[in-house]
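Subject: Structure handover

Hi,

Here is the structure I promised you. Please open it first, then read my notes below.

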Amino acid sequence: MTTLTRLYRFSASHRLHAPTLSAAENISLFGKCNNPFGHGHNYILEVTVAGEPDAVSGLVIPISRLDRLVEDKILRLFSNRYINLDVAQFADLVPTTENVTHVIANLLKREWRNHMGESTVRIAKVRVEETGRNSCETCVN
Amino acid sequence: MLITRKAEFSASHICRLDSLSETENREIFGEESHPNGHGHNYILEVSVEGEVDPVTGMVMNLKELKDILEKEIVEPMDHRFLNREVPPFDKVVPTTANLAREIWRRLENQFPARLALARVRLYETADLFVDVTP
């Protein structure tokens, strides 16, 4: 199998806070990430696609086509934003690395067919690195 | 168990098809299609799978793996213009995917029966890599 992985970077702020928990429980659970004013990260997003390289071009996917999708549907939403307030999906969702990964994977999955047309290449994995020591990944079926 | 050895080589290439127009080449390959070529510092990670030898405590002697990578990949590709000097890239576009698959082909029969090539990961830049697995 051949997969191709492309890395993208975006900077965003967030606050981890579960409204159904008490203030003390939130501090106990999320620690510094519960700071009421929020804080930010330089996120790294890895998008992995799977498919056979085209017999003529040798490409699994034209990189510019993947870049356009990720820029239009993901980076434009998240880059230099406060995720809790600026990204609609997080109105009622704690922006943990897990949930950010899940939302990005779902957005890419939903837009994939529209954007890729007849191409047989499929999205295989989404990985989000919040810091160099903290990342989350999910396989996309 | 998997062991992985890293190797680096620097090479130039062009990704374009003479059968296509300039506009089509730009659309498909982007900056990679510039007709005079350009280069990368490729980083190669090769993973080999096998059981740990009870005497040596090793899946494989990493020096042997290093020597295989040196002989089969680095020596023929380092400081080369892939399209001109490294077959089959006189006929096949040296995209990251095609290069990773060619590296797989060059390595897959280099190991004794108790070992198997498990993954070839090739970074063309820090932001783009291809994995080849069985």
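H2(A) and H4(A) pack at an angle of about 135°, and their axes lie 10 Å apart. Axes here are lines fitted to C-alpha atoms, for helices over the stretch in contact, and angles run from 0 to 180 degrees between N-to-C directions. That makes H2(A) oblique to H4(A). (Under 35 degrees is roughly parallel, over 145 roughly antiparallel, 65 to 115 roughly perpendicular, and the rest oblique.)

This is a predicted model: local features need pLDDT of at least 70, side-chain atom pairs count only at pLDDT 80 or more, and totals for chains, interfaces and linings use all residues. Residues are numbered from 1 along each chain as its sequence is written, while chains are lettered from A and ligands numbered from 1 in the order in which they are written.

Which residues meet between the two helices? A:Leu69, A:Lys73 and A:Ile74 in H2(A) meet A:Ile104, A:Leu107, A:Leu108, A:Glu111 and A:His115 in H4(A). Contact means C-beta atoms, placed from the backbone, within 7 Å. Helices (H or I, at least four residues) and strands (E, at least two) are DSSP runs, numbered from the N terminus.

Now H4(A) itself. A kink of about 30° is centred on A:Arg110. The bend is the angle between axes fitted to the seven residues ending there and the seven starting there. After H4(A) comes A:Gly117, with a positive phi near 60°.

Last, the two chains. Their contact takes 17 residues from chain B and 16 residues from chain A. On the chain B side, E5(B) gives the largest share, five residues.

Best wishes
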